[in-house]
Amino acid sequence: QNNLALYPRHLDEEEFTDILEERRRTTDLGYALRTFNPQPYKGAPSGSTSDLKKAVLESQYLRYIAKEIALETGSSVEKVRQEARGILEEMSHNLQLGFIRLMGYTVSKVFKRLFRSIYVNMEGLNMLQQAIQESPVILMPNHRSYVDFLIVSFILFTYDIPIPVIAAGIPLASMKVVGEILRRSGAFFIRRAIGSDKLYWAVLSEYVRTIVRTGCAPLEFYVEGFRSRTLKSVVPKLGMMDMVLEPYFKGEVFDITLVPISISYDRVVEESLLALELLGVPKPKESTTGLFKASRVLQEDYGCMHVNFGRPLSVRQLCEGKINRSEYNLIPRDLPQRPSTEIQDCVNWLAHLIVRTQEEGSLISPWSLMACLLLQAPITTLTEEGLQWHGLTEKTLWLRKLVLDFRGCLNWPDSDVMSSTVALHHSIVHHKAGRVYLVQDGDPASQDPLSPEEGVMRTAAAVLMLVSYRNQALHVFVRPGILATAIHITKSTQKDELFSFFCFLRDVFSNEFIFIPGRASQDFDEACSLLQKCGAVHMSQQEVTVLETGLEVLSFLQKLLQPFLDSYQLIFRYLCENGAHVFTEKQFLPAVQNLATKLILSGDLHTFEVLSSDTQKNVLAALRRLEAVTKLRASQQNEYKVNKAAVRRTGDILCKIICDIPVKIKLLFCVRLENFVLFFTLLYLKMIRLQLFTTPA
């Protein structure tokens, strides 16, 4: 019940400092060559990177695994150990102060060109400086841009705090010259597709555990696993989280400190590339040549960046009463041990807590609020008629008040913020003659007219850029939005019925939004409290009553979630109508995109978000979790088997939500009264997964 106390204070209470202000007053060379005198963890050894690698290779754990693999493969132990040595050489960092200075000099110049200001909360940074001296520290930033990889080290170097070693993807290591500079600046490189490579897992886990166990440097990694292409939080990946926490579970360290870091951008450097990736355009390969070609971004203005260092969180305190560490006493620490369900649940809970805390610490810009409103306008208004500027600004000010009522953290300068923010995002919208239009840039070198399908994709690229900035504000609205949707669907005022439907939607959208496991009741109470605070509903012990003054708020929240509902409904339709019961991911993604494109062209679908591969994969993940789709284990091509009856039943429930979509889509999922009543009964009895998704296909 005390989890909310772990979240950082609202950012309007924090003191932020623009670290670029000082950089603009002094020389970059002087900055890079100044005395660097960090205070490391008091228990850390003074060994070199070669000592770290030696400790990993000579560990009893790796020796045990090498013998095990040698027995399984018929190879010699020495050959397996030689292979482990090669993996470690490919992976390990080679942190050197000289290269940190080189990076400091280069990054200072680049950041001064890209950003107007970089604001850092000094209170959080001071707490981090103290925490690093007391226990091993894990730095956990959110991941929205390649810039994330540089900014934390840049800040720590500026304030004489030990430089972290950073988990990075192996493609960065292959960049000529740059890869080696990154390695010597603290990066260690991990393969993206490890699969069931037992030796690689063993080397990686022992390497990470040794860093944590010795406290030789803070360790930085992205708990979301990869850069979010939609700019909203991604469901955490648990592999690295398991590795960094294991030394505490095994009693090898007294405590570990987790530091959530929230990085917020006015404008993201890769905004157009991210949108194209979501539409299926291959991601450019990381290369030194590509880096130099991308130097044109230095001519653009990306506004401000805010970096909020959250309050350090003690793993010991967080896990108190949640786990029993005595299970690790039953076998020697150096032997591999599969964690219990209790430990796995605790790791999962901690990972979600960190991502949720990152959300709480993020700043919402005026542009994010404007994006929320622009996306609720018809697409023809944005592309042809234009949206009235006066109405947009008035509504944005209304939404600003709602965000503050919902305890959101706003970055709202006192100047003419809305005009300047639209000017900053000139690649997405332009303001002309009192109206705002969506920018749709075609290829200026092409003389051929666009086909209808190409036109849809061009519009979709612009819409998805807008969507990404709306997503930066979603975490504030999701819980009250789900409750508003439940009120709209059920037409009920009874709290227990609303809670049941709230839980269903929360479960379905668990891949879209971050919900801490085991907190459904608290999330519902939070949603009720926020809607009551803004005057949208009246609360009693048993009922939630909509007030006349709250209709505008509830309408906005319902429309905010509508694209997700429409997208899920369409994909359910595809899975039920498609004749095949087994499909691959490579077949699924383009097939859904083709169906959506046809419906958009015919006027039967109005959301472009269903074209996003991220949305499509999230629906697939949700159906797998709800056991309506199963992944075939023997398949080498990511094959899935669909239970059409289970998908149809989920669609029956969701169809009740989709009141405004065309008849063509609604016909497939006509809601039967008995299914609706059964749904509430099953939810109330906590049996939805057991009953709703076990009907044979």
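**Ground rules.** I worked from a predicted model in which local features need pLDDT of at least 70 and side-chain atom pairs count only at pLDDT 80 or more, while totals for chains, interfaces and linings use all residues. Residues are numbered from 1 along each chain as its sequence is written, and side-chain values use heavy atoms, with hydrogens and water left out.

**Entry 1: nonpolar cores.** I began with the interior. I took a nonpolar core to be a set of buried Ala, Val, Leu, Ile, Met, Phe, Trp, Tyr and Cys residues joined through side-chain atoms within 4.5 Å. Buried stands for under 20% relative accessible area, exposed for over 50%, and partly exposed for values in between (1.4 Å probe, protein chains only). The largest core holds 158 residues, and Phe115, Ile118, Ile151, Val307 and Phe477 have the most contacts inside it. Helix α20 (residues 452-490) gives the most to this core, namely 21 residues. For helices I used DSSP runs of H or I with at least four residues, and for strands runs of E with at least two, numbered from the N terminus. I also noted a second, separate core of 61 residues, which includes Phe188, Val203, Met241 and Trp349.

**Entry 2: Ile118.** I then listed the neighbours of Ile118, where contact is heavy atoms within 4.5 Å. Leaving aside residues up to four places away in sequence, Ile118 touches Thr17, Asp18, Ile19, Leu20, Phe111, Ile151, Met305 and Val307.

**Entry 3: salt bridges.** I counted a salt bridge where a side-chain nitrogen of Lys or Arg is within 4 Å of a carboxyl oxygen of Asp or Glu. The search of the whole structure gave 34 of them.

- Arg25 and Glu22 meet through their side chains at 2.6 Å, N to O. The two are three residues apart in helix α1 (residues 19-25), so about one helical turn separates them. Arg25 is exposed at 57% relative accessibility, and Glu22 is partly exposed at 36%.
- Glu246 pairs with Lys250, their closest N and O atoms being 2.9 Å apart. Both Glu246 and Lys250 are buried. I found this pair again in a network of salt bridges that links Glu206, Arg209, Arg213, Glu246, Lys250 and Glu252.
- Glu552 pairs with Lys395, with 2.8 Å between the closest N and O atoms. Because Glu552 lies in helix α23 (residues 551-577) and Lys395 in helix α18, the pair ties together parts that are 157 residues apart in sequence. Glu552 is partly exposed at 41% relative accessible area, and Lys395 is partly exposed at 28%.

**Entry 4: surface patch.** Leu273, Leu276 and Val281 make a nonpolar surface patch of about 210 Å². Patches consist of residues with over 30% relative accessible area and no salt bridge, with like charges joined within 9 Å and nonpolar side chains (Val, Leu, Ile, Met, Phe, Trp, Tyr) within 5 Å. I placed Leu276 in helix α12 (residues 271-278), and Leu276 is partly exposed at 32% relative accessible area.

Entry 5: Arg407 belongs to the loop between α18 (389-405) and α19 (417-424) and is partly exposed at 38% relative accessibility.

Conventions: Accessible areas come from the Shrake-Rupley method with a 1.4 Å probe; for residues, only the protein chains shown count as cover.
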